[in-house]
Amino acid sequence: MTDSYGDHTQLRYQYRAYLTPGQGISAARVFGCRRVVWNDALAITKPRKTSNKRLGSPKHRLAQGPYWAVPKAAELGKLLITAAKKNPERAFLANAPVGVLQQTLRDLDAAWKAHEESKAGKRSGPKIEPPRRKSRKDNRQTARFTLSDRFKITEDGRLRLPKVGDVRVKWTRDLPSAPSSVTLIKDRSGRYWVSFVVETDPAADVLPPTDGDQGIDLGLNRFAVLADGTHITSPKYLRRAEKKLKKRQRELSRKKKGSKNRDKARVRVARAHAQVSDARRNFHHQWSHKLTSENQAVFAETPNVRGMARGRLAKSVHDAGWAQFVRFCEYKAARRGRTFVKVARDFPSSQTCSVCGHRDGPKPLHVRTWTCPNCEVRHDRDWNAGRNVRNEGRRVLAASTTAPAPPTPGPGARRR
């Protein structure tokens with residue numbers, strides 16, 4: 001995650017955390033209090049928003065009835081945190097820091113805003129559903145601690161979280177600045193993580209300029225073919241782990257629902273999937289780091305992952321993880337002062353000759369080599385596509401860096 005604010009950039013630094021059994025129980029209480037506050041707030045805001053929606057806009061009413069005021073996080077905090085703690089049924093909310101519960105209400109406001117902007121077309125990307133109730137059976141739990149909670153890193157390298165304790169953290173790198181917040185995460189496999197939000201100086205990560213650029217053609221048999229003729233072998237982590245995953249899944253299906261053995265089997269399945277996910281993410285990090293470090297400009301195609309995942313190649317497409325790899329290349333290039341350009345999705349990289357520019361038309365997937373009928377040059381399908389992506393990326397980059405000339409005023413134009 002990267003956000004720019006003036007001369008500084010906000011980044012997330014994530015580390016593995018190891019909680020003791022007692023700290024795990026305390027963390028579960030914090031997660032539970034956060035879930036209760038979220039559900040209580042949703043029970044108030046959702047009916048009011050639904051009722052207002054049925055009435056239509058105030059200018060064009062669709063039905064008769066009063067508009068209900070939807071309370072914001074500050075009002076809900078007084079009702080669902082401060083006043084609720086005096087109620088014996090909600091006295092357990094004292095087991096969680098106040099800042100965590102207040103942040104939960106702010107997160108709910110942000111979720112509603114994202115849904116409404118997505119519905120109105122003000123937010124790009126896929127449609128965002130309205131916020132839903134949180135279940136105690138959710139396998140992933142989070143809690144965000146802000147500066148008001150007074151978390152701190154002790155002298156012996158532990159992270160002191162209020163209501164949880166001094167947590168042991170595996171520090172793999174130093175924090176560049178004092179964190180503004182920290183999120184405690186418990187993933188589906190039972191592992192704990194702490195994610196810090198810190199501010200960094202963008203100029204500190206900029207690399208010296210270098211010559212050369214690179215085009216990337218993504219594939220399945222070979223993960224990527226580069227414009228210089230080299231290729232990246234596809235590791236196929238999911239395919240290699242299928243035998244183990246099937247075994248773990250069979251063990252899970254044989255356990256009685258609701259039993260402790262079934263929960264243990266579920267954790268083993270989640271850990272097997274986490275190993276695949278972690279290996280794939282590490283692979284993407286390594287190659288995105290290499291490509292953005294060695295090239296001044298990187299050009300890649302825009303893969304239609306959602307469309308390809310509907311066909312018979314769905315498992316292989318998800319195993320490759322193209323979208324994550326392209327996202328890593330994009331943000332690493334931005335941090336290091338490099339240029340990253342995504343070529344349009346409809347660009348015919350596999351149909352065009354990279355030598356003479358002749359377009360030969362679509363070809364089935366089993367055709368891996370072809371000869372240009374115009375210049376009679378024999379092409380490797382993927383290598384030719386990589387060079388076409390580089391050529392198109394250069395054209396797009398040149399068009400974006402060339403400022404358009406101002407229009408010449410006509411004879412009847414008025415001067416100001």
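## The second largest pocket

The lining of the second largest pocket divides into 17 nonpolar, 11 polar and 12 charged residues (nonpolar is Ala, Val, Leu, Ile, Met, Phe, Trp, Tyr, Cys and Pro; charged is Asp, Glu, Lys and Arg; polar is the others, Gly among them). Bear in mind that this is a predicted model, where local features need pLDDT of at least 70, side-chain atom pairs count only at pLDDT 80 or more, and totals for chains, interfaces and linings use all residues. Residues are numbered from 1 along each chain as its sequence is written, and side-chain values use heavy atoms, with hydrogens and water left out.

The space in this pocket comes to about 990 Å³. Among its 40 lining residues, Leu 218, Gly 219, Met 308, Trp 322 and Leu 365 are the closest to the centre. A pocket here is an open set of points on a 1 Å grid over the protein atoms alone, where a 1.4 Å probe fits, with protein on both sides within 12 Å along at least five of seven lines; lining residues have an atom within 4 Å of a point. Points are joined across faces, edges and corners, and the volume is the space filled by probe spheres set on them.

Elements that each give at least two lining residues include strands S9 (213-218) and S10 (222-226), plus helices H6 (260-294), H8 (314-320) and H10 (381-401). Helices (H or I, at least four residues) and strands (E, at least two) are DSSP runs numbered from the N terminus.

## Helix H10

At its start, a side-chain oxygen of Asp 380 comes to within 3.2 Å of the backbone nitrogen of Asp 382.

The buried residues of H10 include Arg 381, Asp 382, Arg 390 and Glu 392 (buried means under 20% relative accessible area, with a 1.4 Å probe and protein chains only). Their cover includes S9, S10 and strand S12 (297-301).

Val 317 sits in H8 and counts as buried because its relative accessibility is 2%. Beyond four places in sequence, Val 317 is in contact with Leu 220, Val 305, Met 308 and Trp 322 (contact means heavy atoms within 4.5 Å).

Over in H6 there's Ser 288, buried because its relative accessibility is 0%. The side chain of Ser 288 reaches the backbone oxygen of His 284 at 2.7 Å.

Conventions. Buried means under 20% relative accessible area, exposed over 50%, partly exposed in between (1.4 Å probe, protein chains only). A polar contact is a pair of N or O atoms within 3.5 Å; within protein, one must be able to donate a hydrogen and the other to accept it, and residues adjacent in sequence count only if both atoms are side-chain atoms.
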